[in-house]
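Subject: Structure for you to look at

Hello,

Here is the structure I promised. Please open it alongside this note, which goes through what I found.

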Amino acid sequence: VTTYQVTHRTKYRYGAPIASAYLLAALTPRDLRSQRVRDHHLRCTPEPSDHAEFDDAAGNHLTFLSLTGPHDSLELTGITWIEVDQPGAPPDLASHWEEVVAETVAARSLDGLDARELRLSSRYVRPSPALSEYAAATFDPQRPIIDALRDLSSRIHRDFAFDPEFSDVATPLQDVLEHRRGVCQDFAHLYIGCARSVGLAARYVSGYVETEPPLGQPKLQGADASHAWCAVYVPSLGWVDVDPTNDQLPPRRHVTIGWGRDYGDIAPLRGVLVGPPASQQIEVAVDVVAQPEGPHAQTPVSQVWANGA
Amino acid sequence: MSIDHRSADDYRAMAGQWDASRAPDGTTRSPWDQLEPVLRHVDLVERQQLAARLVASEGAAQLLHVDRGDPRTPPPLDPIPYCLDATSWQKLREGLEQRARLSDAIVRDLYGPRRLLQDGVVPAELVMGDPRYLRACRSIVARVPAVTLQTVDVVRDESGSFVVVGQHLDLAAGLGHAVFNRAITSRAMPEAAKAVAPLDQGDWWGRLRDALSALAPSDRDSPRVVVLVAGVDAVEYFEYAYLATTLGYNLVQGDDLVVRNGRLSLRSFGQLEPVDVVLRAIPSVACDALELSVEGLGGGVPGLAMTARAGGVGLANALGSAIGDHAGLTSYEAGMCEQLLGERLLIPTAPSYWLGDAEQCSHVLARLDRLDLYGVNDDGSVTITRGGSASDDALHELEQQVRQSPHRYSARASVASSTTPALIDRSVVPVEVVMRCAVLNTADGAAVLPGGVARGRNAPATKDVWIVDPELVGTARPRPPALPQVDLRGSLPARSAESLFWLGRHAERTEMIARTTNSIAMRVELDARTSAPEWLPRALRGLHEVCRSAGTVRADGSAPVDLWTVFRDGAASLGISLSGVVTSARAARAFLSQTAWRVVARVENARIALEGVAEQEHMFVLTESLDDLLLDLSALAGAGMESVVRGPGWMFWDIGRRIDRALLTLGLIEATLAAADEADVVPIAEVVLASCESLIAYRRRYRSDLRSEALVDLVVFDSSNPRSVAFQLDRLREHHSTLPQRDRDMGELLLQAAEALAEGVERNTPLDTLVVATRGPLLDYVECFGATWFSHVDVPGALGVRS
């Protein structure tokens, strides 16, 4: 068990005042079997005129915020203390991937229905011949499922360059495929698209990863960003997480916020600005720091709303 | 011109096809036996023309649409109603009531427990893979009912049985059309209504209002309902504007509404008014850019979904209801009815298929040329291809698309429809019709509108639907819905205020341009010796200045020298300002009396007529049509003065009027009289006086030669002349003192303008100096006025993203 303190700060400057803003934040990690939220704060400056928390269709904790007075900047900070169990490797399942597809298609439980939804194309993950072709090299007939999932992750990790300059969230998957570069969202989308192309159910996971510091150097504050990976549904095991960006199955030192069909369902921050800004300057800083054993581990679970200073 | 009166008698049904009026043995069915004697004695062509005039007088000739096909040419209203007897009605009513309950249960299940999917009644992929299934709405607990109102397209097949061919859950399209057709038909065919006594609809509209009120959050005493439309340019605008006016609700657009503290409010004159229920006329995906928007589809009210989730507003229908419009879903309707209602489905939909199912897909692909294919697009809209009329190439291409993503396609058989008598091209012939019926679903049960709209399938006609039940005799004259219970006198949506203000301005501009053009033309006719008298260029500069002040001159801005050019320019300017009158009036429709609205319809016709006139050779054609237009504009001004309640709405209208009358008069005087040669003065003065509608007043007062000082005295300084600049300033100052004080400096500006005038009288200021000194503060006032009252509409944009 590791306890992390996660600080996720997003700052917007609009150049000129805007009339109002409506935001939907997905910055509150879920409680899972493998992770327990000990404390969580979300602060917003200026003070929002309205806020409401709710769980979306997948059970993710979302926060609606509205700022209805003129303002020229916005700062939103989520701070979370969370205990995370380091996962063990999934058992080497004898089932081959075709069997997993067949079991998924036949699922009728509510979980199963949700999984079936995640076999379908979605806004950021559209099927294409190029995608199917890339996937085909992994999904040989009768290949055991876990082996296939590991192979797909390794191939993406090997074939694609991590390049923050190349892509943004609007970069279509086909450009990523063509140029063989992208960032974690792209690789998650790519992995999901490949899995779906053979009929597997795959979901997009939003969260954080602790970047391990090089030996003997202090951890760089603010160097991290929010992270994304994915998970594939194997009915007999549940959801199997895999991080193609770091080629990890299971992902280690990851903190999950929530999941959806793709980035569009679980973007850390979505918003509509009324009286659109002259410009938008965005700064994002994420710190995921492992905590020494201490008082925070005993902090009771609370969802605190704190207004900005 | 009159039709052969016996042609209703000569009506012959098509052999072998079920006909609404004729039994196979040639006898007349009930209730047609009651209707036909009346049809025999009225001139149907005349009645159709009467109906067309009534439609035009409602301003609907250009605006009423049944389909999105060709927006400019709505099918004519057929004066012959579509009649249903009591037994058929009973069957139809029961079937549609069941369907209303079923649709509601389906939508609530799919966004709630999803039993239909868990039990395999409906394939999960059909629902969850469809862009009309809005995932965000799964976390909104729908009120009961989720589907309050829907319209259903029904045909009677060849055997006379009812078959559903389409339904509209997301938006109950056609409802406004139904109430409109009823209003027109009962006026165009009073004898028929008396003889047949169709069931009255008033009770149903009352129930609709109750049902909408019942959707309000439980803590609201007298709920406020608004009708949310896309905008004046939207195809459905007229229909919903008519519906809103009939029901007594405010008609609003997305940016008129704002979410504050978990509630929805209407930006109204000077305040935010609570809104409790929204009757949507925009699709779910366009209702909230924050949560529901598909890429590239903005608009709506950011936060609306959250407000619904928090229980702060009721919606008819629930967000996400569009999934119920899925054509493929209906192929599972019998099972859904069994599962959700425990009932056998009474009126089935025409055979339908979902192509995501491999078996159904191959069945459909084998007979594409005989089916209608429904492809759903990413934004939830649907593209329909009629297989029967598509080319082989098109079908082949379609097949390729289907094979790529079959789950995006559904198909439906086209059912042959029975016929009914209709007036087409001056004779009564059998026409296949589709009825659009409206069904209401409330906590106390469902109710079908006794009537609806019938449309010709392959012939251009729409009809009112009459239900004839001797046991439930309606009143002879079908009544319009009862008066609204909510008092909207004090309610003025900010957008309506702006529209009324612009209605006043555009009407005044139009009037000034028309009157000036006309005055010049008539004066030229007097000068018989020459077609180019020496005073003309100065007069034309005056007209040019009026058009320029009215903002209707093309950018190059040079003053025209030739008479016909200016008339053409004048007509072009008139066209622009006339469009302004019609557009603003349309947007402020709820504030106009019926008479005022009919005048607006005449103004629209005048605009169309004028487009032709501009090319005419003879000046009298122009002057004559301008004269007619001026009469209509006087009627509009009169209706504004005499039949609009003196609330803030009227005041905005009048302020718009006064501002432009003052500005345009100042412009005209500056361009024509400042530094005028005495030689030109008489004809010019006549033109100016006539343009300011003050020629008679001048002659009565001065009984002398025209002198420019006396003229200026009358049209600028005389505060007893309703055409003078001084008079306009007095009215503006009065209005200003009545409006809530937002900005004291604005009152100062009006005072400055008035002082400039007063000084002009005292010190005999040169005319050009006087105009500048008065106009400056007035223009500043207009700018402040707009910024104070109309700065509410900001364009939304998306928050930038970066991980």
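Are A:Glu117 and B:Arg138 buried or exposed? Both residues are buried. Keep in mind that this is a predicted model.

**The pair between the chains**

A:Glu117 and B:Arg138 form a salt bridge, with 3.8 Å between the closest N and O atoms. This pair crosses between chains. A:Glu117 sits in helix 2 of chain A. B:Arg138 lies in the loop between helix 5 (124–128) and strand 2 (149–156) of chain B. Both also belong to a network of salt bridges, which links A:Asp114, A:Glu117, A:Arg261, A:Asp265, B:Arg114, B:Arg135 and B:Arg138.

**The interface**

Chain A puts 45 residues into the contact, and chain B puts in 40 residues. The area buried between chain A and chain B is about 3,900 Å². Carbon and sulfur atoms give 57% of that area.

Across this interface there are 8 salt bridges. A:Arg116 and B:Glu125 also meet through their side chains in a salt bridge, at 2.9 Å from N to O. As for polar contacts between chain A and chain B, the count is 6 residue pairs, both residues at pLDDT 80 or more.

Which elements of chain A give two or more residues to the side that touches chain B? They are strand 1 (2–18), strand 2 (20–28), strand 4 (50–55), helix 2 (110–117), helix 7 (263–266), strand 13 (269–274) and strand 14 (281–291). Strand 13 of chain A gives the largest share, 6 residues. By type, the residues on this side of chain A divide into 24 nonpolar, 7 polar and 14 charged.

**Salt bridges within the chains**

Over all chains, the structure holds 59 salt bridges. Two within single chains are worth a look.

In chain A, the side chains of A:Glu83 and A:Arg38 meet in a salt bridge (2.9 Å, N to O). The pair links distant parts of the chain, 45 residues apart. A:Glu83 is in strand 6 (residues 71–84), and A:Arg38 is in strand 3 (residues 35–45). A:Glu83 has a relative accessible area of 10%, so it is buried.

In chain B, B:Asp276 forms a salt bridge with B:Arg220, and their closest N and O atoms are 2.7 Å apart. Here too the pair links distant parts of the chain, 56 residues apart. B:Asp276 is in the loop between strand 8 (271–275) and strand 9 (277–280) of chain B. B:Arg220 is in the loop between helix 8 (202–214) and strand 4 (225–229) of chain B. B:Asp276 counts as buried because its relative accessibility is 3%. B:Arg220 has a relative accessible area of 13%, so B:Arg220 is buried.

**The nonpolar cores**

In soluble globular proteins, nonpolar side chains tend to be buried together. The largest nonpolar core here has 103 residues. Those with the most contacts inside it are A:Ile145, A:Leu200, B:Leu110, B:Val122, B:Val127, B:Leu257 and B:Leu264. Helix 6 (residues 184–197) of chain A gives the largest share of this core, 8 residues. Apart from this core lies another, of 93 residues, including B:Phe501, B:Ala588, B:Leu610 and B:Tyr781.

What does B:Leu110 contact, leaving aside its neighbours within four places in sequence? B:Leu110 is in contact with B:Leu116, B:Leu117, B:Val127, B:Tyr133, B:Arg138, B:Ile323 and B:Leu329. Among them is B:Arg138, the partner of A:Glu117 in the salt bridge between the chains.

Best wishes

How values were computed: Residues are numbered from 1 along each chain as its sequence is written. Chains are lettered from A and ligands numbered from 1 in the order in which they are written. This is a predicted model: local features need pLDDT of at least 70, side-chain atom pairs count only at pLDDT 80 or more; totals for chains, interfaces and linings use all residues. Side-chain values use heavy atoms; hydrogens and water are left out. Contact means heavy atoms within 4.5 Å. Buried area is the accessible area (1.4 Å probe) that two parts lose on being put together, summed over both. A salt bridge is a side-chain nitrogen of Lys or Arg within 4 Å of a carboxyl oxygen of Asp or Glu. A polar contact is a pair of N or O atoms within 3.5 Å; within protein, one must be able to donate a hydrogen and the other to accept it, and residues adjacent in sequence count only if both atoms are side-chain atoms. Helices (H or I, at least four residues) and strands (E, at least two) are DSSP runs, numbered from the N terminus. Ala, Val, Leu, Ile, Met, Phe, Trp, Tyr, Cys and Pro count as nonpolar, Asp, Glu, Lys and Arg as charged, and the others, Gly among them, as polar. A nonpolar core is a set of buried Ala, Val, Leu, Ile, Met, Phe, Trp, Tyr and Cys residues joined through side-chain atoms within 4.5 Å. Buried means under 20% relative accessible area, exposed over 50%, partly exposed in between (1.4 Å probe, protein chains only).
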